[in-house]
Structure formats: structure tokens, C-alpha cells
Number of protein chains: 2
Amino acid sequence: MADPSFSLTVPEGDDIARKVCDTCGFVAYENPKIVVGSVVRHDGRILLCRRAIEPRRGFWTIPAGYLELNETPEDGARREAREEARATLAIERLLAVYSVPRISQVQLIYRASLAEPGFAAGPESLDVRLFAEDEIPYDELAFPSVHWALGHDREAEAGAPPIPFSNPDGETGSRMPSGERLGVDRM
Amino acid sequence: MADPSFSLTVPEGDDIARKVCDTCGFVAYENPKIVVGSVVRHDGRILLCRRAIEPRRGFWTIPAGYLELNETPEDGARREAREEARATLAIERLLAVYSVPRISQVQLIYRASLAEPGFAAGPESLDVRLFAEDEIPYDELAFPSVHWALGHDREAEAGAPPIPFSNPDGETGSRMPSGERLGVDRM
Ligand SMILES: [Zn+2]
Ligand SMILES: [Zn+2]
């Protein structure tokens with residue numbers, strides 16, 4: 001079978017161009033994706049994973065990934081921490097809801113702790129470590145929303161009311177705090 | 001071109017069965033969907049739309065629908081209110097985050113008001129009306145999460161802190177408060 005090739009066409013009864021398969025006419029409706037992740041604290045330190053995969057291989061991130069079919073967001077956040085950090089989480093509450101419209105992502109980020117003490121690098125991680133707040137490698141974080149989530153978690157830890165945060169004012173997830181523009185920043 | 005037919009197959013490098021096109025091999029990755037909607041208040045009354053489309057045609061719902069590509073959730077909630085109720089919203093804040101894992105939905109529901117006084121039935125609505133709280137047709141609401149959202153909005157109106165609500169304890173969106181089991185309850 002040939003690799004499918006797609007053309008942008010407005011299907012009948014629709015009002016937006018969709019990817020339609022040139023071979024069989026299948027309409028590939030693309031939808032925004034839901035990322036679920038957690039800021040995980042243990043003994044005052046924060047769990048970060050060094051990415052073994054592109055994009056942003058070698059950079060540090062919180063355990064996070066795409067919600068799967070038939071999964072609740074909390075279950076998805078726990079699954080991602082198991083996969084990426086071999087960690088078992090106790091989820092405390094929803095920390096933030098971020099939106100990255102350029103890449104059609106909505107991110108649900110939870111506050112969590114380790115329900116059991118162990119952790120280790122899963123197949124998508126080069127390394128997993130606990131960082132004290134003043135040791136966090138801010139220059140080597142993978143995505144803008146990792147910066148946001150760590151900052152918002154720090155505010156929560158300092159006593160901010162338990163209202164989920166959202167994107168910092170004017171930020172759409174297209175640039176790092178350094179000003180670097182991102183071509184691809186899927187988690 | 002024939003209608004595409006799909007078989008469930010685990011693609012190479014994956015660990016979950018996906019729908020693969022029998023004609024061309026296209027892998028139809030299905031993802032959870034994001035529903036965005038609003039509880040809209042105007043002069044102490046609540047805006048509801050009577051559905052002109054299946055499922056749950058003839059039942060009342062809040063303006064809500066699927067988030068589109070490259071849209072923020074707030075923009076999506078405003079778009080759905082324009083489409084279904086010809087209404088222009090001022091969004092106040094996130095009211096609730098619900099999860100309906102059986103149909104792979106995450107719902108972001110906002111509190112909003114009418115930014116302009118007018119409204120009218122759009123093509124997906126038979127009727128759009130403002131209801132006083134004691135006039136709401138609870139027996140004719142379309143989905144469990146419409147019940148939840150109206151109840152949570154009432155709690156917010158009564159002074160509950162601005163922390164988004166989530167599913168009522170033990171509820172997964174599979175049944176109406178009457179006990180009726182739902183086969184399909186996509187919004
Ligand atoms: Zn095809
Ligand atoms: Zn095909």
C-alpha cells in the first residue's frame with residue numbers, strides 16, 4: 001500500500017478545509033489535543049525528566065503527554081508519570097489549564113506528590129531527577145509551559161489560592177522566556 | 001472512491017490498536033476531544049438552546065461544542081455561542097472541567113454573560129431562550145454535564161469560591177440524574 005497523501009478540501013456539509021485522502025477519500029478530521037501532566041513534589045524537591053525524544057531532546061520537562069482514549073485526565077497524568085519517570089503519583093489538584101493554539105493543544109497540569117518513593121528513567125527519558133527549587137535547570141527546560149507550570153506551582157506552594165492558573169498574560173506558548181522562538185513545541 | 005473501511009491493528013512502534021484504512025493503510029489516530037461551552041447569564045436568567053440535531057434533538061443544552069484547531073478554549077466557547085445562539089459572550093472565568101471518559105471527552109465550561117443583549121436560534125438550534133432558575137426544564141436537558149454545569153453555576157452564583165468544579169463524585173457522564181443510561185451523549 002502506498003503512503004496515503006492528502007489534499008486540503010472542504011467536505012460537503014462542512015465549512016473548514018480538512019485533510020482528505022487522495023486514494024480513498026477518507027476525511028482526516030484533526031482535532032486539538034489534550035496534554036496532561038504534573039508538577040511532582042517530593043520532600044520539597046521537584047521531579048523533572050530529561051527528554052530522550054524529539055522535539056527538545058536533552059531538555060528537562062515535567063512528566064506529561066497526550067491523553068489517551070477513554071482516559072480521565074487524572075488517570076492520564078498518572079500514566080505519563082509511570083511511563084516517563086517510573087513514578088507513582090498522588091494527585092492533589094488541578095494546578096493550571098494552558099492553551100497553545102498554534103499547535104492546537106490544551107494542557108491540564110496537576111499538582112502531585114510521589115505516592116511511593118521510587119522513580120527511574122522510562123524509555124522516553126534520558127534521566128529523571130529531583131531538583132531543589134534553586135537547582136532547577138531553567139536554561140534547559142523543554143517548553144514554555146514547563147516554565148509556567150513550575151512558576152505557578154511555586155506560587156501555589158507559597159499560598160496562592162487553589163484556582164487553576166492559565167497562560168501568563170499575552171503568552172501563547174510560542175517562545176521561551178529567553179525570547180527563543182519555537183518551531184515545534186509539542187510535549 | 002469507495003467509503004473507507006478500517007480495521008483495528010496495532011501499528012509498528014505503537015502499543016495500542018488503531019483504526020487502519022483497509023484501502024491505503026492510513027492510520028486514523030483517534031484522540032480525546034475537547035468540548036468548550038458556557039453557562040451564560042443575563043439579568044439573572046440562563047441561556048439555553050434547544051437542540052436541532054442528534055443526539056438528543058429537542059432537548060435543551062448550554063451553548064457548547066468541539067474546540068477547533070488553533071483556537072483557544074475561550075475563543076471556542078465564544079464561537080459556539082455565536083453559532084448556536086447568535087450570542088456574543090463576555091467570558092468571566094472557568095467554571096468547571098468535566099471528563100466523560102466513555103466517549104473520550106474533556107469539557108471546559110465557562111461562566112459568561114451576554115456582551116450584547118441579542119440572541120437567536122442558529123442552524124443547530126430549534127429555539128434559544130433565557131430561563132429563570134425555577135423555569136429551567138430539568139427533565140428535558142440534553143446531557144448529564146448540562147445538569148452538572150447548571151448546578152455548579154448556581155453554587156458559584158451563591159458564593160462558592162472560584163475554583164473550577166469537576167465531575168460530581170462517582171459520576172462519569174453515562175447517566176442522566178433520572179437514572180436513564182445514555183448510549184451516546186456527545187455534545
Ligand atoms: Zn486513504
Ligand atoms: Zn484509505
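Colleague: Where is the place of Asp43(A) in chain A?

Modeller: Strands here are DSSP runs of E with at least two residues, helices are runs of H or I with at least four, and both are numbered from the N terminus. Asp43(A) sits in the loop between strand E4 (33-42) and E5 of chain A. Before going on, note that this is a predicted model, where local features need pLDDT of at least 70, side-chain atom pairs count only at pLDDT 80 or more, and totals for chains, interfaces and linings use all residues. Residues are numbered from 1 along each chain as its sequence is written, chains are lettered from A and ligands numbered from 1 in the order in which they are written, and side-chain values use heavy atoms, with hydrogens and water left out.

Colleague: Thanks! What is phi of Asp43(A) near?

Modeller: The general idea first: most residues other than glycine have a negative phi, and most peptide bonds are trans. Asp43(A) has a positive phi, near 50°, and is not a glycine. Asp43(B) also has a positive phi, about 50°, and lies in the loop between E4 and E5 of chain B.

Colleague: Is Asp43(A) buried or exposed?

Modeller: Buried means under 20% relative accessible area, exposed over 50%, and partly exposed in between (1.4 Å probe, protein chains only). Asp43(A) is exposed, at a relative accessible area of 68%. Asp43(B) counts as exposed too, with 69% relative accessibility.

Colleague: And which peptide bond of chain A is cis?

Modeller: Look at the bond from Glu54(A) to Pro55(A), which is cis with omega near -5°. Pro55(A) belongs to the loop between strand E5 (45-51) and strand E6 (60-61) of chain A. In chain B, a cis bond joins Glu54(B) and Pro55(B), with omega about -5°, and Pro55(B) is in the loop between strand E5 (45-51) and strand E6 (60-61) of that chain.

Colleague: Zooming out, how many helices and strands does chain A have?

Modeller: Chain A has 2 helices and 10 strands, and from the N terminus its elements run β-β-β-β-β-β-β-α-β-β-β-α. Its C-alpha atoms fill a box of roughly 55 × 35 × 30 Å along the principal axes. Of its 187 residues, 52% count as buried.

Colleague: Now the interface: how many residues does each chain bring to the contact?

Modeller: Contact means heavy atoms within 4.5 Å. Chain B brings 37 residues and chain A brings 37 residues. For area, we take the accessible area (1.4 Å probe) that two parts lose on being put together, summed over both. Here the buried area is about 3,100 Å², with 71% from carbon and sulfur atoms. Cys24(B), Pro32(B) and Leu69(B) supply 17% of the area that chain B buries against chain A, more than any other three residues.

Colleague: How many salt bridges does the rule find across the interface of chain B and chain A?

Modeller: A salt bridge needs a side-chain nitrogen of Lys or Arg within 4 Å of a carboxyl oxygen of Asp or Glu. The rule finds 2 across this interface. One salt bridge pairs the side chains of Glu68(B) and Arg18(A), at 3.4 Å from N to O.

Colleague: Which strands of chain B each supply at least two residues of the side that touches chain A?

Modeller: They are strand E2 (18-21), strand E4 (33-42), strand E8 (89-100) and strand E9 (105-114). E8(B) gives the most to that side, with 3 residues.
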